[in-house]
Amino acid sequence: MGMNMVTKATESALRMLRKEFPRVRVISLSGNMCSDKKPSSINYILGRGKSVLAEVRIPEDILQASLKTTPQRLARLALSKNFAGSAMACSPGMAGCNAHAANIVAAVFAATGQDLAQVVDSSACLTMFEQEETEKGSVLIASVTMPCLEVGVIGGGTRLPAQQACINLMDLDLESPSEHFARLLAALVLAGELSLMAALDTSDLVSAHMKLNRAAGQGSKLQVKEVSKLPLNRFSTLHQRVLMKQTTINDSPPQAGEDVQEERAATRARRRLASHSDQVSSLDVKHSFM
């Protein structure tokens, strides 16, 4: 998100100040007002990185068919859990007024090479569920407000082959790719909030965990269905590049230690992709993302 550039610029500015004012003593390059990698109210108020609001309107019939619940029940649950419950737990401000935004943010950060420490403030999220009566019936208005999504698509871990592959899957060939990335992440968080809140309302949370992830002696038996609907239009070409070690990380020579990390990441990616290369190559995937 540009923190390294800000750090370099600050150091240059301090050098110039010391030349003009020799008696000035620099105690530290960072004084913690940057609030980097720490929860901070100033981030929630002023924003940091990208500030995004995602909203969706869902009719009652769709909610009942897909999530087995109603707008009235979800709105009541959001008030009791996200606001009253968070207040009783003294969870500070936007850091606590959500169901599990950090789960989605952390998963996407790891997959796309973001700074994992910035999940701390990037997961700040205000989740709102409201019921509205219309001529066609009851509607749920669900929204997430995320004031400090610290994401980027250049530099750092985004240069690793596996993480770069995940970024390419999101089709960010736009004028402002990091802004579009932030929008997609907010939409994912909103979907995750709806899913968990519905599972809590219908008492399906524990049974879903036991069936899909923690069944005794069976391990995980998740099956991917309707693969053709996934945004994998570039994956066939990309997996061949990774397997052939032709993925270009950057034009500059690697720094100390980077070559080892990149080689390990490439090896892991090749192992994962090799087991599925025949299947992926044979897929006729249509681009239906967004």
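In this predicted model, Arg183 and Glu179 both sit in helix H8, four residues apart, which is about one turn of the helix. An α-helix has 3.6 residues a turn, so residues three or four places apart point the same way. Arg183 and Glu179 form a salt bridge, with 3.8 Å between the closest N and O atoms. Since the cut-off for a salt bridge is 4 Å, the pair at 3.8 Å is counted. Arg183 is partly exposed, because its relative accessibility is 46%. Glu179 is likewise classed as partly exposed, at 36%.

The whole structure holds nine salt bridges. Side chains of opposite charge can pair when their charged atoms come close. One of these bridges joins Glu150 to Arg48, the closest N and O atoms being 2.7 Å apart. This pair links distant parts of the chain: Glu150 is in the loop between E3 and H7, Arg48 is in the loop between H2 and strand E1 (50-59), and 102 residues separate them. Glu150 has a relative accessible area of 1% and therefore counts as buried. Arg48 is also buried, with a relative accessible area of 10%. A further salt bridge brings together the side chains of Lys37 and Asp36, at 2.9 Å from N to O. Here Lys37 is partly exposed at 32% relative accessibility, whereas Asp36 is buried at 13%. These residues belong to a network of salt bridges that links Asp36, Lys37, Arg48, Asp115, Asp121 and Glu150.

The loop that carries Glu150 lies between E3 and helix H7 (161-169). H7 is mostly covered, as seven of its nine residues are buried. The buried residues are Pro161, Ala162, Gln163, Gln164, Ala165, Ile167 and Leu169. After H7 comes Asp171, which has a positive phi near 55°.

Another helix to follow is H4 (residues 71-88). H4 has 18 residues and spans 24 Å from its first C-alpha to its last, close to the 26 Å expected at 1.5 Å a residue. In H4, the residues Pro71, Leu74, Ala75, Leu77, Ala78, Asn82 and Ser86 are buried. Their cover includes helix H3 (60-66), strand E2 (126-134), strand E3 (137-149) and helix H8 (177-201). Just after H4, Cys90 has a positive phi of about 55°.

Thr69 counts as buried because its relative accessibility is 1%. Leaving out residues up to four places away in sequence, Thr69 touches Leu63, Gln64, Leu74, Ala198, Asp201 and Thr202. With Asp201, the contact includes a polar one of 2.6 Å between the two side chains.

Strand E2, part of the cover of H4, contains Gln131. Is Gln131 buried or partly exposed? Gln131 is partly exposed, because its relative accessible area is 34%. Beyond its neighbours within four places in sequence, Gln131 is in contact with Pro71, Gln72, Ala75, Ser138 and Val139. Gln131 and Arg73 are 58 residues apart in sequence, but 9.1 Å apart in space from C-alpha to C-alpha. The side chain of Gln131 also makes polar contacts, one with the side chain of Glu133 at 2.6 Å and one with the side chain of Ser138 at 3.3 Å.

Val26 belongs to the loop between helix H1 (3-20) and helix H2 (41-46). Val26 is partly exposed, because its relative accessible area is 31%. Patches take residues with over 30% relative accessible area, and Val26 has 31%.

The remaining values describe the chain as a whole. The chain has 12 helices and three strands. Of its 290 residues, 36% count as buried. Among contacts with a separation of 6 or more, 74% are between residues 24 or more positions apart. The accessible surface of the chain is about 17,900 Å², and carbon and sulfur atoms account for 56% of that surface.

Note on methods:
Residues numbered from 1 in each chain as written. Predicted model: local features only at pLDDT ≥ 70, side-chain atom pairs only at ≥ 80, totals over all residues. Heavy atoms only, no water. Helix = DSSP H or I, 4+ residues; strand = E, 2+ residues; numbered from the N terminus. Expected span 1.5 Å × (residues − 1). Buried < 20%, exposed > 50% of the residue type's maximum accessible area, 1.4 Å probe, protein only. Contact = heavy atoms within 4.5 Å. Areas by Shrake-Rupley, 256 points an atom, 1.4 Å probe, with all protein chains shown as cover. Polar contact = N/O pair within 3.5 Å; in protein donor to acceptor, adjacent residues only side chain to side chain.
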